[in-house]
Amino acid sequence: MSSRIGVVTFPGSLDDRDAIRAVTLAGAEAVSLWHADATLQGVDAVVLPGGFSYGDYLRCGAIARFAPVMEPLIKAARDGMPVLGICNGFQILCESHLLPGALTRNDHLHFICRDQRLQITNTTSAWTSNFDMNQEIVVPLKNGEGGFVADERTLDQLEGEGRVIARYLEVNPNGSRRDIAGICNEAGNVVGLMPHPEHAVEALTGPTVDGLGFFTSVLKSLVDNGKVLA
Amino acid sequence: MAIVVVDVALKPEILDPQGRAVQGALGRLGLHGVTDVRQGKQFVLTIDGEVTADKLDEIKKIAETLLSNPVIEDFTVEVKA
Amino acid sequence: MSIDNVASAKANSNIEQPFAALGLKPDEYERIKEILGRRPTSSELAMYSVMWSEHCSYKSSKVHLRQFGSKVPANDSMLVGIGENAGVVDIGDGWAVTFKVESHNHPSYVEPYQGAATGVGGIVRDIISMGARPVAVMDPLRFGAPDHPDTRRVVNGIVAGIGGYGNCLGLPNIGGELIFDPSYQGNPLVNALCVGTMKHEDIHLAKASGVGNAVILYGARTGGDGIGGVSVLASETFDADGPAKRPSVQVGDPFMEKLLIECTLEVLHAGLVEGIQDLGGAGISCATSELASNGEGGMHVWLDRVLLRDSTLSPEEILMSESQERMCAVVEPNKVDAFLDVCRKWDIEAVVIGEVNSSGRLTVDWHGEQIVDVPPRSVAHDGPVYERPLARPTWMDARQADAPTPERLARPTTAAQVRETLLLMVAAPNLASKTWVTSQYDRYVRGNTVLAQPEDSGMIRVDEVTGRGIAVSTDCNARFAALDPYRGAQLAFAESYRNVAITGARPLAVTNCLNFGSPEDAGVMWQFEQAVTGLADACLDMGTPVTGGNVSFYNQTGDVAIHPTPVIGVLGVIGDVANRTGMEWKTAGESIYVLGVTRDELAGSEWAHEIHGHLGGLPPVLDLNVEKALAEVLIQGSQDGVLSAAHDVADGGLAQAFIEMALRADRGATISIPANIDPFVFMWSESASRAVVVVPEHHEQALASLCSGHGVVATRVGSVDDSSELIFSGVYGESVKATIDELRSTSEAVLPALFG
């Protein structure tokens, strides 16, 4: 039986199709989840995709955080279910307090879309276990409000506990503190990532296929944790 | 030292998508009876010295040309302390 | 205050009406009275005035645009022709594609951010209303002089507006143009293109058929946005001082538009819709009159049912409002509930505002009083048609005689001067890296972008199983059109056609956005007629029909019109996007060829413009047979895997083409300038119908036979290497070198320094 990975569509989600494609290419069964349904349909893991949920009009992710689907999702995440929030999904995870910190307007004030070099700095989280430590990858980045901020204590704690999962290399594209591109929670099952691995899964359309690693990682950890048969 | 607060909001006749999105969320979270939400911006200017009439005129000029876009926005200027 | 209704219009026939303030001419007003057999009510006057404006009725351009319908090449891919919201072409495997480009020029000067944003929103709704899913956007942009103090405001606002709206909508932005010329000072051109895909069975048209069917207005509420904006904004020229009047500006809500896309596609696919129309310029007036006149009967509308954002709006204002993100659908009565359920799912407000009937009339009630009773065709299609006077401007002779000869414009004559020119040209705002703009747009969303800027065309994968895809390019060198509008339009088309063929896609259909000055100026009207004729002739010759387009007149300040700017979009199809040819030369040792012939053609070139500020002479010659042969080589070469890279030669000539390929690849090359041509001409001439192609050694023979088979001249000029330098040898006895780093830093610094 292959793993079933849910992809939530909120009003204004844009990269949900891309996340579904990435999950499928990684070898899992993708399950579409609807924001207004308070059920996860028994999936093994969830991706919160990129986009502009509710137009990002109040604060990014602030309105989506209260969607009915988030109630079972927050509970499942606290119980250890792997959850990956990409871009807007990362913002929703921060607004839900599943991850610390917040995402703020890019320091240069422009939306930016570029092929971004990253360094993977954690290989134990549910979504990064298939990478090598300090492996360099290139995936697209696109955001208007992607600057990760947190107080100094939290930043020290994230670094001290190895919870920074990826850092920007060469260029810090949005003013993120300490070049942080992604983080995970204490248990390592919830990951927030500002760049878009789901746009780097096919040589034809992406700068690389480096993004696949996040999705194959979760399949591996589901098997390792006995959630799914190999 | 004086504080001058400039509030900028979309003109009433201009569509405010942000306000509408927030209004929708209020209903879903159980706060009913809110018939409209308008979202604006507030600028708090700390002024060195006294805010004279001339100074206030200058600030109003800036509010009109820089802080707001008179094509779509209104502003108010208020001197606080 | 009582409402002016049909009964009182019949009773008091001779009151004075403000038709002139609404932009109607006295004879147009008389014609309305003739059609109705009485004076119009104020609501009818509002409807006629917006629908008969230049922008909605094409009254000055119609007589010329007919050529696109009469000079149609034999091409069986056309599924829906001109006249609908957008044309539709068959691309095979059961897929159809619709694409269109529209202008939003004047609104984008008044309020750059919202003007550009709502321009994107409008063209996207045109595409949805054909039943297609929008899959990509492109934006040809033209601004005034880069160093003019107002250009910064306009550039920043427009680029942010396009990004702000398009990014939030989830459509990849895959290309466009970015051009600066003092001709556009005060009249920036914001043209927005959208392309959508659908299965053949999903094609929908804007018509109201079926007596008893409901007319549903859904989407955003109606407010006082841009009341009369279309007719007033699009028909008035600005004073030299800038926008003195502050017209009511439309504000876009991309989040609502995203919901509208998903909701509309869901009701269409569920088979709940008989006819559909978007609301753009002229709002409800346009949607109801067009739907009714394209159907076979009539329509009745209860205007007081329209959901309002501002309850103080009068019926005239509601009819004219241009509030964004609204659509109108015709739905069978037993499907209305299902339709409204889908709207609710997407949090979209919807209301039945009318009903299709057999009256043959469009009637509108306001709280029980009849305020409109008109034949719908008279509003939507039978507007005035003008044969405006046209005359070749007297200054054309002097302009064409002022050729950029070596005596007239100093040319570099030593290697040192060539290197100096090379670096100046790399830093020309029209040639410099566009990354500062394109990095503000999302090109990845939806995961089907195969090629995007700076490639010659944008390319989108349509079918993820078969790999079938499309390529789209837009082009126009308006300086060529200023020198000769007939040939200029053909050159714009040829360049766009070539850019599509270069990627390996076969050109299939053409759209256009014709940006000109005032049609009341006989010289401008002559330019327009020449450009339309040139384009129609070329399309007939090349076998690519015009499937739709847009005309924007009155782009002028005082007496000074913009350069005639016929922006031409070409769409092509490729069987498998995996075969596409990109511009990046990837492998050292591969040979570089120039296809086509380079002549001493510098009139209207970027060199003449940037270095000398000169515009004179005759534009490059164009032989469409040569263009077609070149395209065959490029398409065949891509299919057969002969070409490893290809790039168009246009603005900035061969020098620019080589530089762009080197920068894309981050890899150097050595170019040996052929002995039989002047090095300066070789580098910066803008002769038409040329491309640079790169081939591995084992394919050189195949390229040679492909070229000789089609009669295309191929000249080997050098090879790609592992160096980080671009070297031109044979430059007046010496070599000119530039490092990739030097070229890149120069090219990429230009736009941030001006606008960042």
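Modeller: Strands count as paired if DSSP finds at least two bridges between them. In this predicted model, β2(C) and strand β3 (residues 95-103) of chain C pair in the antiparallel sense over four bridges. Strands here are DSSP E runs of at least two residues, and helices are H or I runs of at least four, numbered from the N terminus. Val88(C) has Thr98(C) in β3(C) as its bridge partner.

Biologist: How many residues lie between β2(C) and β3(C) in the hairpin?

Modeller: Two residues separate them, and Asp93(C) in the turn has a positive phi of about 55 degrees. β2(C) also pairs with strand β1 (residues 78-80) of chain C, in the antiparallel sense over two bridges; there Met78(C) stands opposite Val89(C).

Biologist: Why is strand β2 of chain C described as largely enclosed?

Modeller: Buried means under 20% relative accessible area (1.4 Å probe, protein chains only). Four of the five residues of β2 (residues 88-92) of chain C are buried, so the rest of the structure largely encloses this strand.

Biologist: How is the size of an interface often given?

Modeller: It is often given as the accessible area lost when the parts come together. Here, buried area (1.4 Å probe, summed over both parts) is about 2,400 Å² between chain C and chain A, with carbon and sulfur atoms giving 57%. On the chain C side, Phe255(C), Tyr444(C) and Arg446(C) lose the most area to chain A, together 26% of what that side buries.

Biologist: What conventions apply?

Modeller: Residues are numbered from 1 along each chain as its sequence is written, and chains are lettered from A in the order in which they are written. Local features need pLDDT of at least 70, side-chain atom pairs count only at pLDDT 80 or more, and totals for chains, interfaces and linings use all residues, while side-chain values use heavy atoms, without hydrogens and water.

Notes
Buried area is the accessible area (1.4 Å probe) that two parts lose on being put together, summed over both. Buried means under 20% relative accessible area, exposed over 50%, partly exposed in between (1.4 Å probe, protein chains only).
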